[in-house]
Amino acid sequence: LGPASALGRPRGSAAGSEAPHGPTEFAMLPAPPSDPGPRLAMLGEVLAAPDVPALLVAALVHAEVALVRPFVGGNALVARAAERAVLTARGLDATGVAVPEFGHAELGPTAYAGALAAFATGSRDGLTVWIEHCGAAFERAVTEGERIADAVRAGRLG
């Protein structure tokens with residue numbers, strides 16, 4: 001994923017970091033900004049806003065991390081993990097049983113990348129496409145979480 005000194009730290013223009021290319025799912029997305037700092041600061045404000053619905057915050061966090069690609073590697077993984085963390089922390093999935101990554105995967109890589117590309121346009125329609133995608137993914141995430149929980153309760157998973 002990169003040198004140990006860069007792991008877990010946002011890349012920055014001052015450090016001369018080259019913007020990462022990312023996995024295949026990022027191929028159709030615009031190049032990330034050379035300095036992720038301003039977008040990360042804005043994202044911090046979104047996270048701190050108390051009255052924004054959990055699903056909306058989770059969707060914005062996921063998309064911004066995926067598009068800004070603030071780290072030298074692992075951005076897709078971090079984007080999906082951050083979405084999960086926000087859904088749990090904000091109480092929409094207080095038990096952490098839902099599996100948002102499953103929901104995105106179930107919708108398919110083309111739908112995922114297309115919805116991110118729509119968000120990247122910065123348009124209202126693009127935002128709508130992305131939020132609807134995240135809502136559909138969360139529905140599937142809850143169903144998968146219930147399936148796993150039922151299997152655990154029945155002793156089929158240890």
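Guide: Let us begin with a term: two residues are in contact when heavy atoms of theirs lie within 4.5 Å. The model shown is a predicted one. With neighbours within four places in sequence left aside, Val61 is in contact with Leu43, Leu47, Ala82 and Val86.

Visitor: Which residues of the largest nonpolar core touch the most other members?

Guide: The general idea is that nonpolar side chains tend to be buried together in soluble globular proteins. Here the largest nonpolar core has 25 residues, and Val61, Leu116, Phe119 and Trp130 touch the most other members. At least two residues of this core come from each of helix H2 (54-68), helix H3 (75-89), helix H5 (109-120) and helix H6 (124-153). H2 gives the most, with nine residues.

Visitor: How many helices and strands does the protein chain have?

Guide: There are six helices and zero strands. Of the 158 residues in the protein chain, 37% count as buried. Among contacts between residues at least 6 apart in sequence, 67% join residues at least 24 apart.

Visitor: Is His104 buried or exposed?

Guide: The cut-off for buried is under 20% relative accessible area. His104 has a relative accessible area of 3% and is therefore buried. This residue lies in helix H4 (residues 100-107). Neighbours within four places in sequence aside, His104 is in contact with His62, Glu83, Tyr112, Trp130, His133, Cys134 and Ala137.

Visitor: How many salt bridges does the structure hold, and where in the chain do Glu101 and Arg84 lie?

Guide: Side chains of opposite charge can pair when their charged atoms come close. The structure holds four salt bridges. In one of them, Glu101 pairs with Arg84, the closest N and O atoms being 3.0 Å apart. This pair links distant parts of the chain, with Glu101 in helix H4 and Arg84 in helix H3, 17 residues apart. Glu101 is partly exposed, at a relative accessible area of 28%, and Arg84 is partly exposed as well, at 25%.

Visitor: Which residues of helix H6 lie three residues apart, about one turn of the helix?

Guide: Arg147 and Glu144 are such a pair, both in helix H6. Their side chains meet in a salt bridge at 2.8 Å, N to O. Arg147 counts as partly exposed at 46% relative accessibility, whereas Glu144 is buried at a relative accessible area of 12%. The side chains of Asp150 and Arg153 also meet in a salt bridge, at 2.2 Å, N to O. Asp150 and Arg153 are three residues apart in helix H6, so about one helical turn separates them. Asp150 is partly exposed, with a relative accessible area of 37%, and Arg153 is exposed, with 65%.

Methods:
Residues numbered from 1 in each chain as written. Predicted model: local features only at pLDDT ≥ 70, side-chain atom pairs only at ≥ 80, totals over all residues. Heavy atoms only, no water. Core = buried A, V, L, I, M, F, W, Y, C linked by side-chain atoms within 4.5 Å. Buried < 20%, exposed > 50% of the residue type's maximum accessible area, 1.4 Å probe, protein only. Helix = DSSP H or I, 4+ residues; strand = E, 2+ residues; numbered from the N terminus.
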